[in-house]
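Open the model in your viewer and keep the selection tool ready. We will go stop by stop.

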Amino acid sequence: FQLASNSKAYTAYAVCKLAEEGKIDLDTPVSHYVDGFCMNYKANHSGKTEDEKTEITVRQLLNHVSGIAQSDFAKLEPQSTEDALETSMYSFVGKTLKHYPGNLFEYSNINYDLLGLLIGKVSGVSYEEYMQQQVFKPLGLENTYVETDKQLVTGYKHGFSLSGVQLYDAPEYKENVPAGYVISDIRDMEKWLSYQMNPDSLPKTEAKSMLETQNANRKNPTQEISAYYAAGWYVKETPDGTLVYHSGNNPNYSSFVIFNKELQVGVTIIANLNSSYVSYMGMQILSSYMDEIYQYPVKDTFQTLNGIMCMVIIISSILSVFAALLLAERIRRIIILKEKPVRPTGKQIKHIILVGIIVSILFYAAYKMPCMIYPDADWDFAKVWLPGTVLTGCKLLLTAIGLFYIDYIISIWFKG
């Protein structure tokens, strides 16, 4: 199974291990390790806004307070080349940050992809090789990998079918491996969870590295209620002890890991479908061992969206067939009865223009629909990450609208 964003905890552990070994300093700018990497921030000088070169520290990447926008993830494209990570990360050099580093929390996959590049630069080997030799192997995680060509359980995504899901072979995002494409199974996840709850069972360097990943940044609140971000983990204080957790969602996989060290209880769920119910189930299972029940949103946005788009597909298909038949009959009459065009009245022309404007707005809204769901996303992004029904539903709806509009224009120009 792909662990999606639960991959971040492994990348964070690797970074903290390098820091514990004295090979990096978490409070040193990333540019010290990734040569030439620097971004800009719009600063105000005497009423003028200018882009200024701005440094980001390693710790700021770990804590998601680098200023890099969440929406920048939508700029990544499917890639499978060996240099995909380096090429993609360097494409952000000189780009403008959304926030000044250290000021605000904003979750962004790019933070951890950049950390993956840093691991490769500091270690002198690829991110994949370092993780295999210095993280997975020493921890005895025999079925955990970052190689994207490993055999995976068949993945699904929400789609148009009786079950509401369909088989889906997602494209490869090799540049996003450090943030979301570690592969593991439930046995290795059990070991990983045990190490997280009992880091003292590890050698000193590994134990301190593991603990550092759970060290929450309490200066910058997150979007999660009463939770802070550490390094690859959200951390929340409760009357029953400290909860450490993270969810993960890829196009056709999802995961949830949560544990309470005080109670020595942990839950990990991995699934071959992108669904927020995985997180809900994990939280409910853990809550059954605690005095207080901790609610987690039950709503699965993609499932809801898929249900809506399934209805759109059915209704639009019927309307498209009806509109096509109506248009065909009108054209047949024009040909057989040899109807001649008539000059429309001024009022009719105004109606055609008004309806045309409305149709154009609907077409434009459909074009921009992906970025209404995820900032800066386009349809290439939507085809991978959104339910398969979204694109099909939009196409059929626009087809029906277009056919009715054409029929409306013809009905005005040709009258029997």
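**Before you start**

This is a predicted model, in which local features need pLDDT of at least 70 and side-chain atom pairs count only at pLDDT 80 or more, while totals for chains, interfaces and linings use all residues. Residues are numbered from 1 along each chain as its sequence is written, and side-chain values use heavy atoms, with hydrogens and water left out.

**Stop 1: the sheet**

Select strands E5 to E9. They form an open, antiparallel sheet of 5 strands in the order E5-E6-E7-E8-E9. Strands here are DSSP runs of E with at least two residues; helices are runs of H or I with at least four, and both are numbered from the N terminus. Two strands pair if DSSP finds at least two bridges between them.

Look at the edges. E5 (227–229) and E9 each have a single partner strand, so one side of each is left without a neighbour in the sheet. On average, neighbouring strands are turned by 20° against each other, direction ignored. Axes for such angles are lines fitted to C-alpha atoms, for helices over the stretch in contact; angles run from 0 to 180 degrees between N-to-C directions.

**Stop 2: strand E8**

Select residues 253–260, which are strand E8. Is E8 mostly covered or uncovered? Covered: 8 of its 8 residues are buried. Buried means under 20% relative accessible area, exposed over 50%, and partly exposed in between (1.4 Å probe, protein chains only). One side carries Tyr253, Ser255, Val257 and Phe259. The other carries Ser254, Phe256, Ile258 and Asn260.

Turn to the partners. E7 (residues 241–250) pairs with E8 in the antiparallel sense over 8 bridges. A hairpin of 2 residues joins E7 to E8. E9 (residues 265–271) pairs with E8, also antiparallel, over 7 bridges. Phe259 has Gly266 as its bridge partner in E9. The hairpin of E8 and E9 has 4 residues between the strands, and there Gln264 takes a positive phi near 55°.

**Stop 3: a nonpolar patch**

Select Phe160, Met311, Ile314, Ile315, Ile318 and Leu319. Together they make a nonpolar surface patch of about 570 Å². Leu319 lies in helix H10 (residues 301–336) and is partly exposed at 35% relative accessible area.

**Stop 4: salt bridges**

The structure holds 14 salt bridges. Each is a side-chain nitrogen of Lys or Arg within 4 Å of a carboxyl oxygen of Asp or Glu.

- Arg187 and Asp185: the closest N and O atoms are 3.4 Å apart. Arg187 is exposed at 55%, whereas Asp185 is buried at 15%.
- Arg218 and Glu237: the side chains meet at 3.1 Å, N to O. Arg218 lies in the loop between H8 (204–213) and E5, and Glu237 in E6 (residues 234–238), so the pair ties together parts 19 residues apart in sequence.
- Lys383 and Asp380: the closest N and O atoms are 3.7 Å apart. Both residues lie in helix H12 (residues 379–385), about one turn apart.

End at Lys17, Glu21 and Lys23, which salt bridges with shared partners join into one network.

Terms used
Patch = residues over 30% accessible without salt bridge, like charges linked within 9 Å, V, L, I, M, F, W, Y side chains within 5 Å. Areas by Shrake-Rupley, 256 points an atom, 1.4 Å probe, with all protein chains shown as cover.
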